[in-house]
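Work through the exercises below with the coordinates open. Try each task before reading its solution.

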Amino acid sequence: MGVGTSNFVIRWINFLTMLLAIAVIIFGVWMSTHHDSCRRSLTLPVLGLGAVIFVISIIGFLGALKSNSILLWIYLVMLCIILVAILVFTVLAFIITNNGSGHSVPGLRYKEYQLQDYSSWFLKQLNNTKNWNRLKSCLVKTDDCNNLPRKYKTIKQYESAKLTAIEAGCCRPPSVCGYPAVNASYYDLSFHPISSNKDCKLYKNSRATKCYNCDSCKAGVAQYMKTEWRVVAIFNVILFVVLSMIYFVGCCARRSAARSHSKA
């Protein structure tokens, strides 16, 4: 690849990623103004990501614009570190999300989840009281459970619904409890539970309680996290390939810059 071509490609790629970084930073600032503490907690990671992308992009852009081999060296080293980090994270993500799956329940279209099925990392994070209290407060603020009566007007609709992992684990008692459903958000707890599962006693019809203290809710969150992590891991594989191609073009630009300086 010629000096002009490689420098042109690196300049435009990094110009576009600078615009992306600015958009990410603006999004992070917007999140910091949000009243929801659950969203505000993501502000620093988002701002940090935007800042890192911006710094790397401007170093690569200036290095290609000035044909400066030192800046291009710094750019390639930083890009290499990111590639290694993406690779490590992706491998760990696939390992952590390898365990855990739903259990079919006769008569129900959705699956129920059990906490012990998931990896030890998920168990450690979700059984940590501080972590779970923060997650639980976010779950209570969402409309996942509150929207069920609006989505399913009758018991028949509710019982034939395909609930999400969080809806199945956090919004209702486990089916082994045997509590009859009055509607999509209320169960008759006057019945003695037919199972010794501790979640049966933890479930309450209160909007603020539901089954948020249950292991079944933690399992539902674990399943949700597993699904999201798998999506991120697949995205990371694509990102790794794209960044590897950019790294190759960057190497060409650096070699071209070094040759032009040596001739000068």
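## Exercise 1: Disulfides

A search of the whole structure, which is a predicted model, finds 4 disulfides.

**Task.** Which cysteine is joined to cysteine 145, and which parts of the chain does the pair tie together?

**Solution.** 
- Step 1. Find the partner. Cysteine 145 is joined to cysteine 171, with an S to S distance of 2.0 Å.
- Step 2. Cysteine 145 lies in the loop between H6 and H7, and cysteine 171 in the loop between H9 and S3, so the link ties together parts that are 26 residues apart in sequence.
- Step 3. Read the torsion. It is -85 degrees about the S-S bond, and the link of cysteine 145 and cysteine 171 is left-handed.
- Step 4. Check burial. Cysteine 145 and cysteine 171 are both buried.

**Task.** What is the handedness of the disulfide between cysteine 177 and cysteine 200?

**Solution.** 
- Step 1. Confirm the bond. The sulfur atoms of cysteine 177 and cysteine 200 are 2.0 Å apart.
- Step 2. Take the torsion. It is about -95 degrees about the S-S bond of cysteine 177 and cysteine 200, so this disulfide is left-handed.
- Step 3. Locate the ends. Cysteine 177 is in the loop between H9 and S3 and cysteine 200 is in helix H10, so the bond ties together parts that are 23 residues apart in sequence.
- Step 4. Check accessibility. Cysteine 177 has a relative accessible area of 1% and is buried. Cysteine 200 is buried too, at 2%.

**Solution.** 
- Step 1. Apply the cut-off. A disulfide needs the two sulfur atoms within 2.5 Å.
- Step 2. Compare. The closest cysteine sulfur to that of cysteine 80 is in cysteine 251, at 8.9 Å, which is too far for a bond.
- Step 3. Cysteine 80 is partly exposed, at 33% relative accessibility. Cysteine 251 is buried, at 18%.

## Exercise 2: Salt bridges

**Task.** How many salt bridges does the model hold?

**Solution.** 
- Step 1. Count. There are 3 salt bridges.
- Step 2. Arginine 172 is in the loop between helix H9 (165-170) and strand S3 (181-183), and glutamate 112 is in strand S2 (residues 111-112), so parts that are 60 residues apart in sequence are tied together.
- Step 3. Check burial. Both arginine 172 and glutamate 112 are buried.

**Task.** Glutamate 167 pairs with lysine 151. Is glutamate 167 buried or exposed?

**Solution.** 
- Step 1. Confirm the pair. The closest N and O atoms of glutamate 167 and lysine 151 are 3.1 Å apart.
- Step 2. Locate the pair. Glutamate 167 sits in helix H9 and lysine 151 in helix H7 (residues 148-151), so the bridge ties together parts that are 16 residues apart in sequence.
- Step 3. Classify the ends. Glutamate 167 counts as buried, at 5% relative accessibility. Lysine 151 is partly exposed, at 44%.

## Exercise 3: Helix H6

**Solution.** 
- Step 1. Check the span. Helix H6 (residues 129-141) has 13 residues and reaches 18 Å from its first C-alpha to its last, close to the 18 Å expected.
- Step 2. List the buried residues. They are Asn131, Trp132, Lys136, Cys138 and Leu139.
- Step 3. The exposed residues Thr129 and Lys130 are on the face turned away from the buried side of H6.
- Step 4. Inspect the start of H6. A side-chain oxygen of asparagine 128 comes within 3.1 Å of the backbone nitrogen of lysine 130.

**Task.** What does leucine 139 touch, beyond residues up to four places away in sequence?

**Solution.** 
- Step 1. Check burial. Leucine 139 counts as buried, at 10% relative accessibility.
- Step 2. List the contacts. With that sequence exclusion, leucine 139 touches Trp132, Ile166, Cys170, Tyr212, Cys217 and Val221.

## Exercise 4: A buried threonine

**Task.** Which side chain makes a polar contact with the side chain of threonine 97?

**Solution.** 
- Step 1. Locate threonine 97. It is in the loop between helix H4 (69-96) and strand S1 (103-104).
- Step 2. Check burial. Threonine 97 counts as buried, at 0% relative accessibility.
- Step 3. Name the partner. The side chain of arginine 230 makes the polar contact, at 2.7 Å.

Definitions and conventions. Residues numbered from 1 in each chain as written. Predicted model: local features only at pLDDT ≥ 70, side-chain atom pairs only at ≥ 80, totals over all residues. Heavy atoms only, no water. Helix = DSSP H or I, 4+ residues; strand = E, 2+ residues; numbered from the N terminus. Expected span 1.5 Å × (residues − 1). Buried < 20%, exposed > 50% of the residue type's maximum accessible area, 1.4 Å probe, protein only. Polar contact = N/O pair within 3.5 Å; in protein donor to acceptor, adjacent residues only side chain to side chain. Contact = heavy atoms within 4.5 Å. Salt bridge = Lys/Arg side-chain N within 4 Å of Asp/Glu carboxyl O.
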